[in-house]
Amino acid sequence: MAKALLVSPSYFILFIFLVFSSTTISIFGEEYSYVKSINPKKMNMLKKKVTHFQLYWQDIISGSNATSVTVIKAVNNSSTLFGSVNIIDNSLTVGPNLSSKTIGKSQGFYASTGQEEFSFLMVMNFAFTDGKYNGSTFTVVGRNNVNAKVREMPIIGGSGLFRFARGYVLASTYSSSDNGDGTIEYNCYVIHY
C-alpha cells in the first residue's frame, strides 16, 4: 500500500508563496524595469527653501509692440470678454515702470472664463533671464478674478532652480490705462530646493 506524503500546511503555504512570487517577479519585473527609486540626497534635494519675488507684469495690448495678442475674440460682444483668449510674452520687471530692469518673461495665455464677472484662466511660465535664476522657470495656473483687489493663484511646478516647485502668487493691479495696457504687481512665494 502506498504511503501518503504528509506535508505540514505551513510548508505547503511557503511552497505556494515561493512559486507565485517567483512567477510574479518575472511577470512584473520586466514590465516595471523602467521605474527606480532615487535617493533625494543624490539630486541635491537636501533642504526646502521659500523664495519671495516681487515682480511687475507688464501687459501691453496696444500699439505695434504689443506683448499680449488676442487670438480668439469674445463671443456675442460680451461685456466681460467671455471666450476671448490672449497669448502673452509679457516682461517681468523689478519696478512698475516699463523702463525698469527686465528680469524675465511671463509666457503663456489667459482666457476670459467669466460670463458675469471679469475672471480669467491664467496659464503662464515665469521664465527668468537675469542673475542666478537665469534659465529657471516656475509655472502659474489658476483663476484670476480681475475685480478683486488681490488675486491668489497656485504655482504648480518649475524647471532649473525651481524643479519640484510649488507655492502661490498674489496679484494686484498696480495701474491700468484706457487702451487696456496694465501693470500687475506679483508677489510670488516659491517653495523649492
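Arg143 is partly exposed, with a relative accessible area of 45%; here, buried means under 20% relative accessible area, exposed over 50%, and partly exposed in between (1.4 Å probe, protein chains only). The model is predicted, so local features need pLDDT of at least 70 and side-chain atom pairs count only at pLDDT 80 or more, while totals for chains, interfaces and linings use all residues. Residues are numbered from 1 along each chain as its sequence is written, and side-chain values use heavy atoms, with hydrogens and water left out.

Side chains of opposite charge can pair when their charged atoms come close. Arg143 has such a partner in Glu117, and the two side chains form a salt bridge at 2.4 Å, N to O (a side-chain nitrogen of Lys or Arg within 4 Å of a carboxyl oxygen of Asp or Glu). Glu117 sits in the loop between β4 and β5 and Arg143 in strand β6, so the pair ties together parts that are 26 residues apart in sequence. Strands (E, at least two residues) are DSSP runs, numbered from the N terminus. Glu117 is also partly exposed, at 35% relative accessibility.

The count comes to 3 salt bridges. Asp89 pairs with Lys105, their closest N and O atoms being 3.9 Å apart. Because Asp89 belongs to strand β3 (residues 85–93) and Lys105 to strand β4 (residues 102–112), this pair ties together parts that are 16 residues apart in sequence. Asp89 is partly exposed at 31%, and Lys105 is partly exposed at 27%. Lys101 and Asp130 meet in a salt bridge as well, at 3.3 Å from N to O. Lys101 lies in the loop between β3 and β4, and Asp130 in the loop between β5 (119–128) and β6 (137–145), 29 residues apart.

Attention now turns to the pockets. On a 1 Å grid over the protein atoms alone, a pocket is an open set of points where a 1.4 Å probe fits, with protein on both sides within 12 Å along at least five of seven lines; lining residues have an atom within 4 Å of a point. The largest pocket holds about 620 Å³ of space, a volume being the space filled by probe spheres set on the points. Of its 27 lining residues, Asp59, Tyr110, Phe120, Val146 and Gly180 are the closest to its centre. Strands that each supply at least two residues of this lining include β1 (49–59) and β9 (182–192).

The second largest pocket has about 250 Å³ of space. Its lining comprises 13 residues, with Asn44, Gly160, Leu161, Arg163 and Tyr193 nearest its centre.

Terms used: Helix = DSSP H or I, 4+ residues; strand = E, 2+ residues; numbered from the N terminus.
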